[in-house]
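I opened this model to look up its sheet, its helices and its charged side chains. My entries follow in the order in which I made them.

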Amino acid sequence: MSELVEKAEAVAVRAYAPYSRYEVGAVARMDDGREFEGVNVENAAYPLGVCAEKSALVAAVAAGYGPGRIAAIGITASPCGGCRQWLAEFRIPEVSFRREDGSIATYEAKALLPETWDFPDS
């Protein structure tokens, strides 16, 4: 979904990335069409930072959406391993991101994290 990746690129400029200068954006679209934005937020204590995908999913959950309700997510970069776990648990059918060569890749979340365990049907 290039449209969501383009929206993610637009929101990425609001990221808080003073240490890496690597701004990441994400836009998650719900099954009813509502969208939630997220950006990476860094912290001087690096492990305390938050990825863009996580912040978009947290916003969706705070609004009442859960696993199975997120139809798609667009991200400005390939998701890290931790975010792949989040995407798999939320059972997102379309995860799109821009590759380094400029093309857009789209996968089902479970394809990005094979051989994972089962998740509750919440």
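**Sheet pairing**

Strands here, like helices, are DSSP runs numbered from the N terminus, with at least two residues in state E for a strand and at least four in H or I for a helix. The model is predicted, so local features need pLDDT of at least 70 and side-chain atom pairs count only at pLDDT 80 or more, while totals for chains, interfaces and linings use all residues. Residues are numbered from 1 along each chain as its sequence is written, and side-chain values use heavy atoms, with hydrogens and water left out.

I then looked up how β1 and β3 are joined: five bridges link them, and they run antiparallel. Two strands count as paired if DSSP finds at least two bridges between them. On the β4 side, I found four bridges between β3 (residues 70–75) and β4 (residues 94–98), which run parallel. Ile75 stands opposite Phe97 in β4, and Gly74 stands opposite Ser96 in β4. From β3 the chain crosses through helix α3 (residues 81–89) to β4, and I noted this β-α-β crossover as right-handed. The term means that, with the strands pointing away from the viewer, the path from the first strand over the helix to the second runs clockwise.

**Whole sheet and its helices**

What is the order of the five strands? I read it as β2-β1-β3-β4-β5, an open sheet with mixed pairing. β2 (35–39) and β5 (104–107) are at the edges with a single partner strand each, so one side of each has no neighbour in the sheet. On average, neighbouring strands of this sheet are turned by 15° against each other, direction ignored. Axes are lines fitted to C-alpha atoms, for helices over the stretch in contact, and angles run from 0 to 180 degrees between N-to-C directions.

Helix α1 (residues 2–11) packs on the sheet and touches β1 (25–30), β2, β3, β4 and β5; its direction makes about 135° with that of β1. Contact means heavy atoms within 4.5 Å. I found α2 lying across β1, β2 and β3, at about 145° to β2.

I also checked burial, where buried means under 20% relative accessible area, exposed over 50% and partly exposed in between, with a 1.4 Å probe and protein chains only. Five of the six residues of β3 are buried, which leaves that strand mostly covered. In α3 the buried residues are Cys83, Gln85, Leu87 and Ala88. They pack against α2, β3, β4 and α4 (109–112). Just after α3, I noted a positive phi of about 55° at Arg91.

**Glu53**

Is Glu53 buried or exposed? Glu53 is buried, yet I found no salt bridge for it. The nearest side chain of opposite charge is Arg84, 7.6 Å away; Lys and Arg count as positive and Asp and Glu as negative, with His and the chain ends not counted. Glu53 sits in helix α2 (residues 52–62). Leaving out residues up to four places away in sequence, I listed its contacts as Val24, Ala26, Ile73, Ile75, Pro79, Cys80 and Cys83.

**Salt bridges**

I searched the whole structure and found nine salt bridges. The criterion is a side-chain nitrogen of Lys or Arg within 4 Å of a carboxyl oxygen of Asp or Glu.

Glu3 and Lys7 meet in one of them, at 3.5 Å from N to O. Both lie in helix α1, four residues apart, about one turn of the helix. Glu3 is partly exposed at a relative accessible area of 40%, and Lys7 is partly exposed at 32%.

Arg29 also forms a salt bridge with Glu3, with the closest N and O atoms 3.2 Å apart. This pair links distant parts of the chain, Arg29 in strand β1 and Glu3 in helix α1, 26 residues apart. Arg29 counts as buried at 15% relative accessibility.

The side chains of Arg14 and Glu37 meet at 2.4 Å, N to O. Arg14 is in the loop between α1 and β1 and Glu37 in strand β2, 23 residues apart. Arg14 is exposed, with a relative accessible area of 52%, whereas Glu37 is partly exposed at 45%. My last entry is a network: salt bridges that share partners join Glu3, Lys7, Arg29 and Glu35.
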